[in-house]
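Please read each point alongside the coordinates.

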Amino acid sequence: MSVAILGGRRIPWAASGLTGIALAGVVLQLCWSGAMGAFDADPAKSGWWRVVTSVFMQNGGFGGAAWNIATLAAVAGFAEWFWGAPLTLCLFAAGILLPERIDALWGQTSHSTDPRNFAGSSGATYFLGATLAAALLLHGGAGQAPDKDAQGLASDSAGASADKSSPSNAVRKNRLLALAVPVLGLAMWFTQENGHGLVACYGFVLGALAWVAFRTVLRPDRDQRQPPRTTMSSLTGLVGRRP
């Protein structure tokens, strides 16, 4: 996605909300030393809320927290532009609640004793990102409004290598990249027993089901066909404006 197209997108308020909650969790940890103990997902502690609150606690130091929040903001933003805000929030919630249930069905009920696994948003983020990969595999990027800049470049270089920039080739590449998500996820799980790989596979399956169920009402290219009044570019300009 080019910078011009990204700037013309509407502001992903749901993604901004999730990112804001994650940032608030980090601030709470900095201000209260007992936050991790109160909200993490340590299986030795009771509390029905822990499975949710632990997602917004970070346990990987400054670098880990920065990475988790940055990836959450990016993935949730793209998810909202594709799925829409309500479905994005539902899929993110599924990424929090479903993996443990699915693990139980497969007999993966043992809990890790590594405290680093008791908190963090990476699992739910991987899950949400994998739903986009599944939609990309089935959707392939076909039917979206073409980039005007890309159209101009294509017209200038018409006849030079038209077959290389054909939509079919782009769709094929998109689908190969999307298929790599569950493949690499399974490889990560079998070689390292890394739960992120298994969570990505769960998200991929749910994303495929969501695409089949809601594809007739999804409008991933609506911002290109009918530009919104408030866009990412306009917000950036407002923030950068000086009195």
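1. In this predicted model, Asp40 counts as buried, with a relative accessibility of 6%. That assignment follows because buried means under 20% relative accessible area.

2. Asp40 takes part in a salt bridge with Lys45, whose closest N and O atoms lie 3.7 Å apart. The separation qualifies because the criterion requires a side-chain nitrogen of Lys or Arg within 4 Å of a carboxyl oxygen of Asp or Glu. Lys45 itself is partly exposed, at a relative accessible area of 34%.

3. A salt bridge also joins the side chains of Asp40 and Arg50, with an N to O distance of 3.2 Å. This pair links distant parts of the chain: Asp40 sits in the loop between α3 (35–39) and α4, whereas Arg50 belongs to helix α4 (residues 50–53), and the two are 10 residues apart. Arg50 is buried, its relative accessible area being 9%.

4. How many salt bridges does the structure hold? The total is 2. Through shared partners, salt bridges connect Asp40, Lys45 and Arg50 into one network.

5. A separate point concerns Phe214, which lies in helix α10 (residues 195–214). Is Phe214 buried or partly exposed? With a relative accessible area of 37%, Phe214 is partly exposed. The C-alpha atom of Phe214 is 8.8 Å from that of Trp83, although 131 residues separate the two along the chain.

Conventions
Residues are numbered from 1 along each chain as its sequence is written. This is a predicted model: local features need pLDDT of at least 70, side-chain atom pairs count only at pLDDT 80 or more; totals for chains, interfaces and linings use all residues. Side-chain values use heavy atoms; hydrogens and water are left out. Helices (H or I, at least four residues) and strands (E, at least two) are DSSP runs, numbered from the N terminus. Buried means under 20% relative accessible area, exposed over 50%, partly exposed in between (1.4 Å probe, protein chains only).
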